[in-house]
Amino acid sequence: MAAPCVSCCRGLSYRLFLGLRVNFAQRQGYWQTLPVDAQTAPESQILRLIHTTVVTTKKNVSASGRDSYTEDFIKKQIEEFNIGKRHLANMMGEDPETFTQEDIDRAIAYLFPSGLFEKRARPIMKHPEQIFPKQRAIQRGEDGRPFHFLFYTGRQSYYSLMHDTYGKLLQLEKHNDPFPQKTESMNPIGSRWLIKEELEEMLVEKLSDQDYMQFIWLLEKLLTLQYGPAEEEFIQRFRRSVTIQSQKQLIEPLQYDEQGMAFSTSEGRRKSARAEAVVYERGSGKIRVNGIDYLQYFPITQDREQLMFPFHYLDRLGKHDVICTVSGGGRSAQAGAIRLAMAKALCSFITEDEVEWMRQAGLLTSDPRVRERKKPGQEGARRKFTWKKR
Amino acid sequence: MAARTVWAAGRCSEQAGAVNRAVRRLPGLTQVRWSRYGPEFRDPLTDKGHCRKPAAELTEEEKYDQDLGKTQLIKAAPAAQTCSAFADPVISKSTNMMMKGGSKVLARSLMAQTLEAVERKQFEKYHAASAEEQATIERNPYTIFHQALKNCEPVIGLVPILKGGHFYQVPVPLSDRRRRFLAMKWMIKDCRENKPRRTLMPEKLSYELLEAFANKGPVIKRKHDMHKMAEANRALAHYRWW
């Protein structure tokens, strides 16, 4: 039993380092370095660790670039990560098979509570792909001859990708009719092309804006032709999904009181005002705030307009009764807080389309604007002291 | 076409978002003109008719815009905005410009009194006029307000440009927003400064609005002065580089 524990501890200690990009040189004591052997057998033309430390070498960094990690090293890290994950699951009493990354994060936060403000400085345990920067495989052999036929373009991944894509395009054009009629657009809103940063990350190469736009143009041209499942898979590699914001809206469940009337409760906040609203399904449009009728509580027309806004937008002005409590803030903040609470509570009584309309009208967003703090050396948040020449 | 705009829109907003987020993280750089909303947030549309169109009536563009809107984050509606038919953006803007010290209550009541005064004056004129003239008298205070401000908008403005150690007033075309702003600003400033003692703002402003509606009055004169200056300085127009 001791041996697995030891390995688990070692495995974990390898994994639990700071989330910042670790300089390879600093970890020299822990990791074993493979020596660079000049005279190896000709068949071992696979990746070799070119281990460099910033301290010892200032020699020219070869085509493989800065400090590199071998594939074997990364594989070993992945194995250790998986083993460590299973041990962590066992420690937390969970099932190792269904231990997800969120569970790992929670477990680490529990076992190693850190009060550091910088989130990236806290202990993390993530898959090595997310920790080690993606780097290029070594591109030349021992004799200096590069592997890829486009190596001397300087950006082999990008040009080979363009080459492949254009090849597919030509192939499809050959098989299709010269004037394709695409009846429906194959670009549903749920996905988007990946952005330039994501493509750079994928290719591990720097791109310019024009390169990126050329590539996307090629892909779009591909979309206009009829393609099979292989091309579909190729294209999907460059699509990312986009969240449909309306689906993120939390809809409160309906509750029922003693008379069987349905009602829904929700809270709202604005500046330092906190409000809670209970909206009843049937009513005559009466609103009571802190036990007082809204006409007396809000003598200003603008505030009452804000209270009416959600109902007016959905054409349900005289149809619901509301009882709300509010505290804190000023008169406008309280009105805004109650408006948000009522809009959220109303979501339980309406269709999904109407929820989306309310969201588009800005009724379901919590207003993040708060009073800006006064800064030292200035009179207010923005106002500076009077400038005196001397 | 639609496909291209997808990625363009998505990329622009995300690029801007990415750049902004990167700038926010860098400790040495602080942006002065920042807002609590991220750059990816879009302004809300409080217009009731916007979402009500049935699906059959939407054009391709509108359908696409609607779908795109579903993926975007929306800001909260401001406290002075409602979906009411009585809410007018021009009136709200003027109210805000008239406001002093943050007392929106006072500004709004002054604006309401102004519109009431305009309407009363027009009704008096209406009842005192003969049948043919009655057809020409405009009684809706909102149309009078809009038309008066439109009449006050300058077409061309002057901008001080530094050249050779001297500031020259160069004629420059103005954007729509700037024009509307100048019209409102001149109107309010004139009403504050050039009124006799003990006149209240609604009275003076309603009088000025009616004069501007008829293309007379000090604000219209100021607009004409601006145009004349621009015409006089038209030789300096080539100093403009944008």
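This is a predicted model: local features need pLDDT of at least 70, side-chain atom pairs count only at pLDDT 80 or more; totals for chains, interfaces and linings use all residues.
Residues are numbered from 1 along each chain as its sequence is written, chains are lettered from A and ligands numbered from 1 in the order in which they are written, and side-chain values use heavy atoms, with hydrogens and water left out.

The average pLDDT of chain B is 86, where pLDDT is the predictor's confidence in each residue, from 0 to 100. A score of at least 70 is reached by 86% of the residues in chain B. Residues 1–18 of chain B stay under 50. For this stretch the model has 27 contacts beyond four places in sequence, a contact being heavy atoms within 4.5 Å. For the complex, the predictor gives an ipTM of 0.82 and a pTM of 0.72.

Chain B contains 9 helices and 4 strands. Helices (H or I, at least four residues) and strands (E, at least two) are DSSP runs, numbered from the N terminus. Read from the N terminus, the order of elements in chain B is α-β-α-β-α-α-α-α-β-β-α-α-α. Of the 242 residues in chain B, 34% are buried; buried means under 20% relative accessible area, exposed over 50%, and partly exposed in between (1.4 Å probe, protein chains only). Among the contacts in chain B with a separation of 6 or more, 64% join residues 24 or more positions apart.

Over all chains, the structure holds 28 salt bridges, each defined as a side-chain nitrogen of Lys or Arg within 4 Å of a carboxyl oxygen of Asp or Glu. One of them joins D211(A) to R155(A), with the closest N and O atoms 2.3 Å apart. D211(A) lies in helix α7 (residues 209–224) of chain A and R155(A) in the loop between α4 (128–131) and α5 (156–175), so the pair ties together parts that are 56 residues apart in sequence. D211(A) is buried, at a relative accessible area of 12%, whereas R155(A) is partly exposed at 21%.

Two further salt bridges lie within single helices. E200(A) and K196(A) form one at 3.9 Å, N to O. These residues are 4 residues apart in helix α6 (residues 196–203) of chain A, and so are separated by about one helical turn. Both E200(A) and K196(A) are buried. In chain B, K204(B) and E208(B) form a salt bridge at 2.9 Å, N to O. Both belong to helix α8 (residues 201–213) of chain B and are 4 residues apart, about one turn of the helix. K204(B) is buried at 12% relative accessibility, and E208(B) is buried at 3%. In chain A, R192(A), E198(A) and R240(A) are linked in a network of salt bridges.

A nonpolar core is a set of buried Ala, Val, Leu, Ile, Met, Phe, Trp, Tyr and Cys residues joined through side-chain atoms within 4.5 Å. The largest such core has 37 residues, of which V289(A), Y313(A), V322(A), I338(A) and M358(A) touch the most other members. Elements giving two or more residues to this core include β5 (273–280), β8 (321–327) and α12 (352–360) of chain A. The most is given by α11(A), with 9 residues. A second, separate core has 28 residues, including I91(B), M187(B), L209(B) and A212(B).

At the interface, 47 residues of chain A are in contact with 43 residues of chain B. The area buried between the two chains is about 4000 Å², 56% of it from carbon and sulfur atoms; buried area is the accessible area (1.4 Å probe) that two parts lose on being put together, summed over both. There are 2 salt bridges across the interface of chain A and chain B. R108(B) and E305(A) form a salt bridge at 3.0 Å, N to O.

A77(B) is placed in the loop between β2 (73–74) and α3 (89–98) of chain B. This residue is buried, with a relative accessible area of 3%. Not counting residues up to four places away in sequence, A77(B) touches F309(A), R339(A), A361(A), G362(A), P44(B) and T46(B).
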